Structure formats: structure tokens, C-alpha cells
Amino acid sequence: MMPHPAIVGAGPAGVRAAQTLAAAGLRPVVIDEAPRAGGQIYRQPPEGFTRAKAELYGSEHRKADAIHRAMEALRDKVDYHPETLVWNCEDGVLDLMRDGVSQSIGYSHLILATGATDRVLPFPGWLTPGVYTLGGSQVALKYQGCAIGGRCVFLGTGPLLYLVAYQYARAGARVAAVLDTARPGGRLAALPGMLAAPGLLARGMGYMAWLRLHGVPVRTGVRPLAVLGSKRVAGLRYRDGRGREQHIECDALGYGLTLRAETQLAGLAGCEFEFNARDRNWLPRRDAAGRCSVPGVYAAGDGAGIAGADAAELAGERAALALLADAGLPHDPARADWLERRLARIGRVRDALERAFPFPADWPIADDVMLCRCEEISAGALRAVARDGLAKELNRAKALTRVGMGRCQGRMCAAGAAEVMSQALGVAPQAVGRLRNQPPVKPIPVHLAIAREAGQ
């Protein structure tokens with residue numbers, strides 16, 4: 001019996017997985033939330049948008065075009081479901097929603113290419129109108145062709161920080177400053193490892209140099225103190241690398257602390273997880289080919305661990321080859337071995353990037369800062385149940401405080417909650433565990449959930 005595989009996500013990993021399966025004679029189902037393929041990194045604007053790809057994607061425009069063209073060539077060889085949310089996954093069935101209508105589909109094998117989202121930690125004023133994530137800032141520019149403000153500041157760390165600032169400045173937006181939480185010493189320590197990826201290193205250094213040459217201030221070792229303004233962002237107060245308090249005026253702030261894998265569907269599928277110290281996140285346990293602990297389930301791309309678009313393409317193909325092997329279908333073992341070697345090499349570069357842009361473990365989260373915006377839970381409320389001995393792990397804290405029970409199901413607050421809990425208890429972040437995933441992974445109309453419970 002021929003397998004009927006499903007792929008969730010049509011970014012670089014999902015497209016290459018679909019391409020590999022289709023070449024083997026299978027017809028996979030490809031489900032994606034976006035209206036057009038490309039993922040976040042190669043997000044396509046709406047139909048009729050006239051900006052050239054070189055302007056949208058910069059030096060990566062050829063890679064973006066290759067992914068877009070590959071998906072277009074697959075349209076008659078896959079069952080493609082764009083603008084469709086997978087909101088649940090269990091017992092070999094995916095629950096989907098499109099245009100408010102629910103549908104369930106079965107699968108024999110599942111490739112999760114769910115991508116990543118911004119990692120954000122709270123600080124005073126982070127919920128002020130005009131504060132965006134770096135990814136949200138990029139979506140506004142790529143998809144909607146607009147800037148998040150007239151005078152923008154970008155804060156955080158990681159390659160995405162400089163890429164977004166560069167893209168904004170190149171598009172004509174006024175970038176008031178780039179505020180990096182990392183210090184220059186980390187980049188020097190990471191340089192030997194980065195030499196294994198000279199192209200990536202050159203692009204990153206090029207973005208930084210271009211910004212400085214065009215008058216954009218770049219500050220390092222920064223820690224935010226507060227967003228200024230009540231009804232709208234008016235500025236940012238921060239501490240610089242020498243510990244001095246500074247202030248900068250702006251009407252929009254984009255920020256993010258590297259990226260975090262989207263793993264909710266892997267959790268709902270029953271996959272085992274392990275803590276990844278480099279990503280500072282719980283990731284589905286998998287082998288080098290992408291096989292998860294649940295037979296027939298594979299994870300690829302940034303949804304399995306942050307490694308970037310190039311690695312996502314390779315990992316999508318590798319997961320598809322593993323699927324073919326597990327189904328007893330013809331595949332290319334030599335190609336599979338080559339892909340694993342390439343991915344291992346990229347993994348070492350990713351280790352170097354983490355040294356260059358480390359997670360700011362000393363990020364200040366005061367008791368009165370809102371931690372869970374959905375349920376309006378302060379950091380102090382979570383800290384209290386930890387200090388009082390009422391909770392030593394996140395799920396117990398969730399039951400006591402409702403942190404992570406809101407519309408986002410912990411997607412935005414889980415990282416901050418883990419940091420608050422671990423600091424309060426004086427333990428490593430992995431010691432407080434991970435929030436158990438619950439459907440729906442994103443908000444859906446109530447009638448869909450009722451119908452699913454009733455088995456309709």
C-alpha cells in the first residue's frame with residue numbers, strides 16, 4: 001500500500017520535502033498557513049505586488065526564487081492547502097481550518113516543517129502599541145510593503161536583528177539605532193567557527209558595515225529598561241554596554257532574542273522532547289535524518305532546531321528520504337549521507353553563532369512586568385508560587401496562575417515563564433520542564449472545537 005504523507009509548512013524545508021517525495025512518485029498533502037509558499041524567510045507578497053525579488057530578499061533573492069519556482073512546479077503533483085491552519089494532530093489525523101471551516105485528514109507519515117517564531121522576553125512597556133517582534137517587522141516590510149514606524153529602533157540579538165535593520169534602511173525607512181544585547185568579545189571568540197561558512201560571515205559583516213556606513217548607530221551590550229510612551233511608543237530607555245543609562249526617541253520598536261522553534265504539533269503528535277542548551281528550548285528528540293520518537297513522524301527545518309534557511313532545505317530533503325526508506329521505497333543512501341554531513345557542518349557553524357549572539361540570561365524581568373499578556377499574569381505572580389514552594393515546574397505553575405492558558409497557548413510567554421521560574425528557584429531552565437501542548441495550537445472558533453469533541 002502506497003503511503004499518503006502529509007507535510008505541514010511550505011517554507012524551505014517543506015518545499016524540498018515535497019519535491020523529494022513527488023520525485024519518488026508520491027503525492028503528499030502540503031498544508032501551510034500562508035497564502036503563498038516560501039515560509040517566513042522567503043515570504044512572498046500578495047499577488048500583484050511589484051517590488052523586485054532582489055529588493056525584497058537582498059543577496060538571498062536567487063534562493064527565494066528557487067523555492068518559489070519549485071513549489072509552483074509541484075502544484076499538479078501535490079495536494080496543496082494554503083491559508084490553512086493545522087490546529088490539532090493526534091492518532092494519525094490532522095485537524096485543519098480554512099476560512100472558518102473545519103476539515104480532518106489522515107496521514108500515514110508526517111513531516112513537520114513548522115518553522116520558528118521570535119523569542120521575546122518581557123520588559124516594562126513591551127505591550128505598548130508600536131512594539132513589534134523582529135519577525136513581525138519583517139512581515140510588514142515583505143508582505144505589506146510598509147515600515148512599522150517613521151523612526152524605528154531594532155533591539156535584541158542574532159543575525160535576524162541586523163538583517164531586518166538592513167532591509168528597513170535599504171527600503172528607505174529611518175532606522176534610529178540597532179541595539180544588540182551581545183558584546184563584541186563573543187563575536188571574536190566565534191570567528192574561528194564562523195570561518196567554516198565564509199559566505200554567511202561575509203553577509204553578516206556586510207550588513208553591519210553597511211548600517212554603520214549609512215549613519216545607523218550600532219550599540220552592543222545593551223539591556224532594555226523601559227519603552228517610553230503610553231498610547232504609542234515615544235522612545236526607549238536602556239543601559240549601554242558600560243552600564244550607563246541612555247535614551248533614544250523613536251515611534252516604533254522591533255525586538256527579538258534570536259528565534260524559537262515551533263514545536264506544538266510535535267508535542268500533540270506524541271513526540272518525546274529533550275532540552276537543547278544551544279537553542280535554550282525543548283525540541284523533539286530526533287535522529288540525524290529527522291525521525292522523531294513516534295514512528296512515521298519527522299521534523300525538519302527550524303521547527304526541529306534553529307539552523308537557518310540553507311539547513312532547512314537540506315533537512316527537508318533528508319526527512320523525505322528517511323520517509324521513503326521507512327516505507328520501503330527506492331531512495332538514494334549516498335545522497336542521504338551527504339545531506340547529513342552538510343547538516344552536521346552547518347550545526348557547527350550554528351554553535352559558533354550562539355557564541356557570537358548569546359542568549360541574555362541576565363535580562364531584567366521585574367515583578368510588575370506583564371509576563372502572560374493573554375491572561376494578564378505578572379512576572380511577580382509566577383515568581384511568588386515558585387518562591388513559596390507551591391510550584392517547581394511550569395505545568396504546576398500554569399495550574400496555579402493560568403500562565404500559558406490564553407489564546408497563544410504559551411507560544412509567546414513560555415520562554416519568559418521558564419526564565420522567571422528558573423531564576424526564582426535557582427535552577428537551570430530545563431529543570432522547570434516545558435508546558436504540555438494542548439489543542440488548538442492557535443485560536444479557532446469555538447464551534448470547531450465542539451465539533452471535534454463530538455467526533456463530527
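With a relative accessible area of 27%, Lys-53 is partly exposed, a class that lies between buried (under 20% relative accessible area) and exposed (over 50%), as judged with a 1.4 Å probe on protein chains only. The model is a predicted one, in which local features need pLDDT of at least 70 and side-chain atom pairs count only at pLDDT 80 or more, while totals for chains, interfaces and linings use all residues. Residues are numbered from 1 along each chain as its sequence is written, and side-chain values use heavy atoms, with hydrogens and water left out.

Lys-53 belongs to helix H2, which covers residues 53-57; helices (H or I, at least four residues) and strands (E, at least two) are DSSP runs numbered from the N terminus. Apart from its neighbours within four places in sequence, Lys-53 is in contact with Gly-58, His-61, Asp-65 and His-68, where contact means heavy atoms within 4.5 Å. With His-68 there is also a polar contact between the two side chains, at 2.9 Å. A polar contact is a pair of N or O atoms within 3.5 Å; within protein, one atom must be able to donate a hydrogen and the other to accept it, and residues adjacent in sequence count only if both atoms are side-chain atoms. Gly-9, by comparison, stands 44 residues from Lys-53 along the chain, and the C-alpha atoms of the two are 21 Å apart.

On the scale of the whole chain, the domain assignment gives domain 1 (5-115 + 262-331), domain 2 (119-259) and domain 3 (370-432), with bounds that come from an automatic or database assignment. Taken over C-alpha atoms, the centres of domain 2 and domain 3 are 27 Å apart, and seven residues of domain 2 are in contact with seven residues of domain 3. The size of an interface is often given as the accessible area lost when the parts come together. Between domain 2 and domain 3 the buried area is about 580 Å², with carbon and sulfur atoms giving 77% of it; this area is what two parts lose in accessible area (1.4 Å probe) on being put together, summed over both. On the side of domain 2 that touches domain 3, the residues divide into five nonpolar, one polar and one charged. In this classification Ala, Val, Leu, Ile, Met, Phe, Trp, Tyr, Cys and Pro count as nonpolar, Asp, Glu, Lys and Arg as charged, and the others, Gly among them, as polar. One residue pair, with both members at pLDDT 80 or more, is in polar contact between these two domains, and the number of salt bridges between them is zero.

A buried position can be seen at Gln-138, whose relative accessible area is 2%. Gln-138 lies in helix H4, residues 134-144, and, leaving aside neighbours within four places in sequence, is in contact with Gln-40, Leu-160, Leu-163, Val-164 and Gln-167.

Side chains of opposite charge can pair when their charged atoms come close. A salt bridge is counted where a side-chain nitrogen of Lys or Arg lies within 4 Å of a carboxyl oxygen of Asp or Glu, and by this rule there are 29 salt bridges. In one of them, Arg-244 pairs with Asp-240, the closest N and O atoms being 2.9 Å apart; Arg-244 is partly exposed at 43% relative accessibility, whereas Asp-240 is buried at 8%. In another, Arg-285 pairs with Glu-272, with the closest N and O atoms 2.5 Å apart. This pair links distant parts of the chain, 13 residues apart, with Arg-285 in the loop between E19 and strand E20 (297-299) and Glu-272 in the loop between helix H8 (264-268) and E18.

Arg-280 forms a salt bridge with Glu-419, the closest N and O atoms being 2.8 Å apart, and here 139 residues separate Arg-280, in the loop between E18 and E19, from Glu-419 in helix H13. Arg-280 counts as partly exposed at 24% relative accessibility, while Glu-419 is buried at 6%. A network of salt bridges links Arg-278, Asp-279, Arg-350, Asp-351 and Glu-354.

The backbone also deserves attention. Although it is not a glycine, Arg-280 has a positive phi of about 50°. Glu-83, also a residue other than glycine, has a positive phi near 50° and is found in the loop between strand E3 (79-81) and strand E4 (85-90). Finally, a cis peptide bond with omega of about 0° joins Pro-439 and Pro-440, and Pro-440 has its place in the loop between helix H13 (414-425) and helix H14 (446-453).
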